[in-house]
Amino acid sequence: MIPEPAVLESRTQEYVERGAQIAAAEARQRQRMRQKRFDTIAVHGIYNMEAALANQGSIIEPAYFSPAQHFENSDHMEVALAYQMPAWAYSRIANPTLHYLEETIALLEGYGTSDEVTACATGSGMAAIFMATQPFLEQTGAPMNIVASAKCYGGTFMLFSQRYAVERGVEVRWVQDPLNLDEWARQIDANTRFVFGEMPSNPGLAAFDIAAVADLAHAVQTPLIVDSTVATAALMRPLQHGADIVVHSVSKSMATSGFAIAGALIARHGIPSRVGPDALRENFALYVKLLPFRDHGPAISPFNALMAMNDLRTLRSRMDLLSRNTLRVAEFLEAHPQVEAVNYPGLPSSPFHAAAQRVMWLADGEDDYGAPVNRYGHLMSFQVRGDHAAARRVFDRLEMIWRATDLGRIKSVATIPMISTHQQQGDAGRALAGIPVNLIRLSIGAEHPADIMDDLDQALRQTSI
Ligand SMILES: *Cc1c(COP(=O)(O)O)cnc(C)c1O
């Protein structure tokens, strides 16, 4: 018997109502977790006893490798795929394991703000940057530009200068000195689709005044997007300072063990934008996830999501330890006769020290140390005294510190940006980004700092011969 349309409608209505109940229960749990401290959020996310009982009692968030969800009937399917109830349907769009990661990241990045915050996990950091920026490049017939700090990751530089500028004709206005507010102000206008900054930047460790640049962007109703991969939410949360969207390469310090490539974009609700539908402004991360993300397909594997989530649980204590180790290594290198210059925002000599000091604090540090403490992360770089060949000699003589284009690891890793991360952008691009030929980038791990310094020392000493 074929049901009458009215009957059909009441059956779908049942699922819509069930969905509303699921969403309300999650919202309550989210609000409960927002009252907790950083470590508690990192350990539990929104996965609670009720969720565990629906997952055979598993106290760890389960890995769902299934590409697709089975539905009770056609009504359930219809309502789920119309996004009228929480569901996951297909792992390119959503997946329960990813969902737990996204909720944890959103809570951590929103820690200390009163804003509602939503996250969307992606297959890599570059996928997050692409997904966080391309929705603003809608063709409206009017001219458009984007304003970005030139002190940024090589991949971001290429995305903006090649994919956007060369292939799509978007005008990219680079800010060369991110500390100079006049330079930002001169570039931002009513045709600016978004403003983008990285802090601290890779590999120059540059900083900028997030609050002041956010004000400049908001004055023309455009969003500020911040890449805070190097800081992580344990040390800095840009949303607290007025940024609208945060992007992360989760592959780095958030997943220090090094078992997964992953990314995330996180946005507060109610962002400014002169283009795009209302849904984009209301809840940008959800809008991206449900529409452009679904159509572009930069999904993260549930396995990688689980690996990242596992590392996130100890993010704060790890970033504390790694930051302390890095400060010691930076101080050591600053005093070394074979070293020309050291870039680390934790050093008082850094031009970026004051700007970083204002916003880079260990979350809940006062509970460990009796007073709030600044922490600056575990990425630094230094210039070897001499030319490019001298930098290569030091690099080639490292015996324990890995030679790899990687950072954020539990193991110390070194690279030469000119021939690796910033090779593609050429001499002019490197000059713009401020990448000297004798620069070595270091990501300091959890080894005893004395052993890290010994390795650097023996490599540096041999250069003078
Ligand atoms: C590595 C990195 C990215 C790109 O992330 P992937 O996960 O490698 O795609 C973006 N921004 C910064 C600051 C990075 O260090």
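Reader: Which residues surround the ligand, and which are the closest?

Author: This is a predicted model, where local features need pLDDT of at least 70, side-chain atom pairs count only at pLDDT 80 or more, and totals for chains, interfaces and linings use all residues. Residues are numbered from 1 along each chain as its sequence is written, and side-chain values use heavy atoms, with hydrogens and water left out. The ligand is surrounded by 14 residues, and the closest are Gly125, Asp227, Ser249, Ser251 and Lys252. A residue is near a molecule if one of its heavy atoms lies within 4 Å of it.

Reader: What lies 2.8 Å from an oxygen atom of the ligand?

Author: A polar side-chain atom of serine 249 does. For lysine 252, an N or O atom in the side chain is 2.8 Å from an oxygen atom of the ligand. Methionine 126 uses a backbone N or O atom, 2.9 Å from a ligand oxygen. A polar contact here is a pair of N or O atoms within 3.5 Å.

Reader: OK, and how much of the ligand does the protein bury?

Author: The protein buries 93% of the 380 Å² that the ligand exposes when taken alone. Those areas come from the Shrake-Rupley method with a 1.4 Å probe.

Reader: Which helix gives the largest share of that shell?

Author: Helix α6, residues 125-133, with 3 residues. Helices (H or I, at least four residues) and strands (E, at least two) are DSSP runs, numbered from the N terminus.

Reader: And what is the shell like by class, nonpolar, polar, charged?

Author: The shell has 5 nonpolar, 6 polar and 3 charged residues. Ala, Val, Leu, Ile, Met, Phe, Trp, Tyr, Cys and Pro count as nonpolar, Asp, Glu, Lys and Arg as charged, and the others, Gly among them, as polar.

Reader: How much space lies in the second largest pocket?

Author: About 340 Å³; a volume is the space filled by probe spheres set on the points, which are joined across faces, edges and corners. The lining has 22 residues, and Gly125, Tyr153, Ser249, Ser251 and Lys252 are the closest to the centre of the pocket. α6 and β6 (245-249) are the elements that give two or more residues to this lining.

Reader: Switching to the largest pocket. What is the volume?

Author: The largest pocket has about 1700 Å³. Its lining counts 49 residues, with Ile22, Glu26, Pro86, Ala87 and His99 closest to the centre. α1 gives the most, 10 residues. The lining splits into 26 nonpolar, 11 polar and 12 charged residues.

Reader: Backbone now. Which peptide bond is cis, with omega near -20°?

Author: The one from methionine 199 to proline 200. Asparagine 202 and proline 203 are also joined by a cis bond, with omega about 5°. Proline 200 is in the loop between β4 (192-198) and α9 (210-219), and proline 203 lies in the loop between β4 and α9.

Reader: Which residue has a positive phi although it is not a glycine?

Author: Alanine 89, at about 65°, in the loop between α4 and α5. Most residues other than glycine have a negative phi, and most peptide bonds are trans.

Definitions and conventions:
A polar contact is a pair of N or O atoms within 3.5 Å; within protein, one must be able to donate a hydrogen and the other to accept it, and residues adjacent in sequence count only if both atoms are side-chain atoms. On a 1 Å grid over the protein atoms alone, a cavity is a set of points where a 1.4 Å probe fits but cannot get out, and a pocket is an open set with protein on both sides within 12 Å along at least five of seven lines; lining residues have an atom within 4 Å of a point.
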